[in-house]
Amino acid sequence: MSLTFVRDPQLTPVLREELADLWLDVSQAGGAVGFVPPVTAGDIAPVMRRQLDDVSAGGMRMLGAYEGDAGGRLIGTAFLQLNSHRLMTHWCTLVTVMVHPALQGGGRGKAMMREAIEMARDLGFHAVRLGVRGGEGTERFYETVGFKEVGRVPAAIRVAPDDHRDDITMWLPLI
(Lines give C-alpha, C1' and ligand atoms only; values in the text may rest on other atoms or scores of the structure.)
Protein backbone atom coordinates (compact mmCIF):
# COMPACT_ATOMS: atom_id res chain seq x y z
CA MET A 1 0.00 0.00 0.00
CA SER A 2 1.27 3.45 -0.82
CA LEU A 3 1.08 6.30 1.67
CA THR A 4 0.62 9.99 1.16
CA PHE A 5 1.74 12.42 3.85
CA VAL A 6 -0.01 15.74 4.32
CA ARG A 7 1.57 18.40 6.49
CA ASP A 8 -0.95 20.57 8.31
CA PRO A 9 -4.06 19.01 6.73
CA GLN A 10 -7.32 20.95 6.86
CA LEU A 11 -9.14 20.17 10.09
CA THR A 12 -12.36 19.22 8.33
CA PRO A 13 -15.21 17.30 9.96
CA VAL A 14 -14.10 14.20 8.00
CA LEU A 15 -10.53 14.48 9.31
CA ARG A 16 -11.80 14.98 12.86
CA GLU A 17 -13.97 11.87 12.59
CA GLU A 18 -11.14 9.80 11.10
CA LEU A 19 -8.73 11.04 13.78
CA ALA A 20 -11.20 10.14 16.54
CA ASP A 21 -11.65 6.63 15.07
CA LEU A 22 -7.90 6.15 14.64
CA TRP A 23 -7.13 7.35 18.17
CA LEU A 24 -9.78 5.02 19.60
CA ASP A 25 -8.54 2.00 17.62
CA VAL A 26 -4.92 2.64 18.62
CA SER A 27 -5.88 3.16 22.27
CA GLN A 28 -8.05 0.03 22.39
CA ALA A 29 -5.14 -1.96 20.95
CA GLY A 30 -2.93 -0.75 23.82
CA GLY A 31 -1.07 1.99 21.95
CA ALA A 32 0.61 4.50 24.24
CA VAL A 33 -1.23 7.60 23.03
CA GLY A 34 -2.53 8.97 26.31
CA PHE A 35 -5.05 6.31 27.30
CA VAL A 36 -5.23 2.78 28.65
CA PRO A 37 -7.90 0.36 27.42
CA PRO A 38 -10.76 0.13 27.83
CA VAL A 39 -11.35 3.62 26.48
CA THR A 40 -14.35 5.21 24.80
CA ALA A 41 -14.78 7.82 22.11
CA GLY A 42 -16.11 10.08 24.86
CA ASP A 43 -12.82 9.76 26.75
CA ILE A 44 -10.80 10.73 23.69
CA ALA A 45 -13.03 13.54 22.38
CA PRO A 46 -12.07 16.34 24.81
CA VAL A 47 -8.34 15.52 24.56
CA MET A 48 -8.52 15.46 20.78
CA ARG A 49 -10.50 18.71 20.71
CA ARG A 50 -7.85 20.48 22.85
CA GLN A 51 -5.07 19.12 20.67
CA LEU A 52 -6.76 20.24 17.44
CA ASP A 53 -7.48 23.64 19.03
CA ASP A 54 -3.73 23.89 19.67
CA VAL A 55 -3.10 23.04 16.00
CA SER A 56 -5.55 25.77 14.95
CA ALA A 57 -3.88 28.26 17.30
CA GLY A 58 -0.41 27.50 15.89
CA GLY A 59 1.06 25.83 18.98
CA MET A 60 1.19 22.46 17.29
CA ARG A 61 1.63 21.16 13.73
CA MET A 62 0.05 18.00 12.36
CA LEU A 63 1.26 15.36 9.96
CA GLY A 64 -1.37 13.05 8.50
CA ALA A 65 -0.59 9.73 6.83
CA TYR A 66 -3.20 8.64 4.30
CA GLU A 67 -3.85 5.38 2.52
CA GLY A 68 -3.09 5.85 -1.16
CA ASP A 69 -3.51 9.50 -2.11
CA ALA A 70 -4.50 12.46 0.07
CA GLY A 71 -8.15 11.57 -0.52
CA GLY A 72 -7.65 8.20 1.18
CA ARG A 73 -8.36 7.24 4.76
CA LEU A 74 -6.27 8.70 7.61
CA ILE A 75 -4.17 5.80 8.94
CA GLY A 76 -1.52 7.60 10.98
CA THR A 77 -0.51 10.85 12.65
CA ALA A 78 2.35 12.65 14.29
CA PHE A 79 2.00 16.05 15.93
CA LEU A 80 4.86 18.48 16.45
CA GLN A 81 4.32 20.40 19.67
CA LEU A 82 6.11 23.72 19.51
CA ASN A 83 7.86 25.29 22.49
CA SER A 84 6.79 28.74 23.58
CA HIS A 85 9.67 29.28 26.02
CA ARG A 86 12.10 31.65 24.29
CA LEU A 87 15.13 29.50 25.22
CA MET A 88 13.62 26.31 23.75
CA THR A 89 12.03 27.39 20.48
CA HIS A 90 14.79 25.66 18.51
CA TRP A 91 13.34 22.18 19.21
CA CYS A 92 9.90 20.56 19.19
CA THR A 93 8.28 17.51 20.74
CA LEU A 94 6.58 14.74 18.80
CA VAL A 95 3.28 13.69 20.37
CA THR A 96 0.37 11.42 19.45
CA VAL A 97 2.43 9.35 17.04
CA MET A 98 0.22 6.52 15.83
CA VAL A 99 -0.42 4.14 12.96
CA HIS A 100 -3.59 2.07 12.78
CA PRO A 101 -2.94 -1.26 14.58
CA ALA A 102 -4.05 -3.35 11.59
CA LEU A 103 -1.40 -1.64 9.44
CA GLN A 104 1.59 -1.80 11.77
CA GLY A 105 4.67 -3.82 10.94
CA GLY A 106 4.86 -3.02 7.25
CA GLY A 107 7.14 0.01 7.33
CA ARG A 108 4.39 2.64 7.43
CA GLY A 109 5.38 3.88 10.89
CA LYS A 110 9.02 4.22 9.92
CA ALA A 111 8.06 6.11 6.73
CA MET A 112 5.80 8.40 8.74
CA MET A 113 8.53 9.06 11.32
CA ARG A 114 10.99 9.95 8.57
CA GLU A 115 8.45 12.40 7.15
CA ALA A 116 7.81 13.90 10.62
CA ILE A 117 11.56 14.35 11.09
CA GLU A 118 11.84 16.05 7.69
CA MET A 119 8.88 18.25 8.57
CA ALA A 120 10.65 19.33 11.77
CA ARG A 121 13.86 19.96 9.84
CA ASP A 122 11.99 21.97 7.17
CA LEU A 123 10.40 24.07 9.92
CA GLY A 124 13.90 24.98 11.10
CA PHE A 125 14.09 22.93 14.29
CA HIS A 126 17.49 21.83 15.53
CA ALA A 127 16.19 18.77 17.42
CA VAL A 128 13.13 16.68 18.20
CA ARG A 129 12.15 15.31 21.58
CA LEU A 130 9.88 12.31 22.10
CA GLY A 131 8.33 10.80 25.22
CA VAL A 132 7.89 7.03 25.30
CA ARG A 133 5.97 4.83 27.74
CA GLY A 134 8.30 2.14 29.03
CA GLY A 135 7.38 -1.53 28.97
CA GLU A 136 6.14 -1.45 25.39
CA GLY A 137 9.45 -1.82 23.55
CA THR A 138 8.65 1.13 21.29
CA GLU A 139 11.89 2.87 22.17
CA ARG A 140 13.65 0.29 19.98
CA PHE A 141 11.44 1.31 17.06
CA TYR A 142 12.29 5.00 17.54
CA GLU A 143 16.00 4.15 17.71
CA THR A 144 15.73 2.76 14.16
CA VAL A 145 14.98 6.29 12.88
CA GLY A 146 17.77 7.90 14.89
CA PHE A 147 16.35 8.75 18.32
CA LYS A 148 18.50 8.08 21.38
CA GLU A 149 17.34 7.65 24.96
CA VAL A 150 18.54 10.62 27.01
CA GLY A 151 16.53 10.20 30.19
CA ARG A 152 14.22 7.95 32.13
CA VAL A 153 11.95 8.58 35.11
CA PRO A 154 11.19 5.24 36.77
CA ALA A 155 7.55 4.37 37.43
CA ALA A 156 6.34 7.84 36.39
CA ILE A 157 3.38 6.55 34.33
CA ARG A 158 0.62 4.65 36.10
CA VAL A 159 -1.35 2.55 33.62
CA ALA A 160 -3.09 0.63 36.43
CA PRO A 161 -2.96 0.73 40.24
CA ASP A 162 -0.30 -1.99 40.25
CA ASP A 163 1.36 -1.22 36.89
CA HIS A 164 3.81 1.67 36.73
CA ARG A 165 5.94 2.32 33.65
CA ASP A 166 9.04 4.41 33.05
CA ASP A 167 8.72 7.72 31.24
CA ILE A 168 11.50 7.59 28.65
CA THR A 169 12.79 10.75 26.99
CA MET A 170 14.29 10.34 23.54
CA TRP A 171 16.13 12.97 21.50
CA LEU A 172 17.09 13.39 17.87
CA PRO A 173 19.46 16.20 16.84
CA LEU A 174 18.65 17.51 13.36
CA ILE A 175 21.79 19.56 12.73
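This is a predicted model: local features need pLDDT of at least 70, side-chain atom pairs count only at pLDDT 80 or more; totals for chains, interfaces and linings use all residues.
Student: Which residues of H1 and H2 make the contact?

Tutor: On the H1 side, the contact is made by Arg16, Leu19, Ala20, Trp23, Leu24 and Ser27. H2 contributes Ala41, Ile44, Val47, Met48, Gln51 and Leu52.

Student: And by class, how many are nonpolar, polar and charged?

Tutor: The contact of H1 with H2 has 9 nonpolar, 2 polar and 1 charged residues.

Student: At what angle do the axes of H1 and H2 cross?

Tutor: The axes of H1, residues 13-28, and H2, residues 41-57, cross at roughly 125 degrees and come within 10 Å. H1 is therefore oblique to H2, since an angle between 115 and 145 degrees is neither roughly perpendicular nor roughly antiparallel.

Student: New topic: which residues does the cis peptide bond join?

Tutor: The cis bond joins proline 37 and proline 38, with omega at about 0 degrees. Proline 38 belongs to the loop between H1 and H2. Most peptide bonds are trans.

Student: What about phi of aspartate 8, positive or negative?

Tutor: Phi of aspartate 8 is positive, near 50 degrees, and this residue is not glycine. Most residues other than glycine have a negative phi. Aspartate 8 sits in the loop between strand E1 (3-7) and H1.

Student: Where is threonine 96, then?

Tutor: Threonine 96 is in strand E4, residues 91-99. Its phi is also a positive value near 50 degrees.

Student: Is threonine 96 buried or exposed?

Tutor: Threonine 96 is buried, because its relative accessible area is 12%, under the 20% limit. Aspartate 8, at 32%, is partly exposed.

Conventions:
Residues are numbered from 1 along each chain as its sequence is written. Side-chain values use heavy atoms; hydrogens and water are left out. Axes are lines fitted to C-alpha atoms, for helices over the stretch in contact, and angles run from 0 to 180 degrees between N-to-C directions. Helices (H or I, at least four residues) and strands (E, at least two) are DSSP runs, numbered from the N terminus. Angles under 35 degrees count as roughly parallel, over 145 as roughly antiparallel, 65 to 115 as roughly perpendicular and the rest as oblique. Contact means heavy atoms within 4.5 Å. Ala, Val, Leu, Ile, Met, Phe, Trp, Tyr, Cys and Pro count as nonpolar, Asp, Glu, Lys and Arg as charged, and the others, Gly among them, as polar. Buried means under 20% relative accessible area, exposed over 50%, partly exposed in between (1.4 Å probe, protein chains only).
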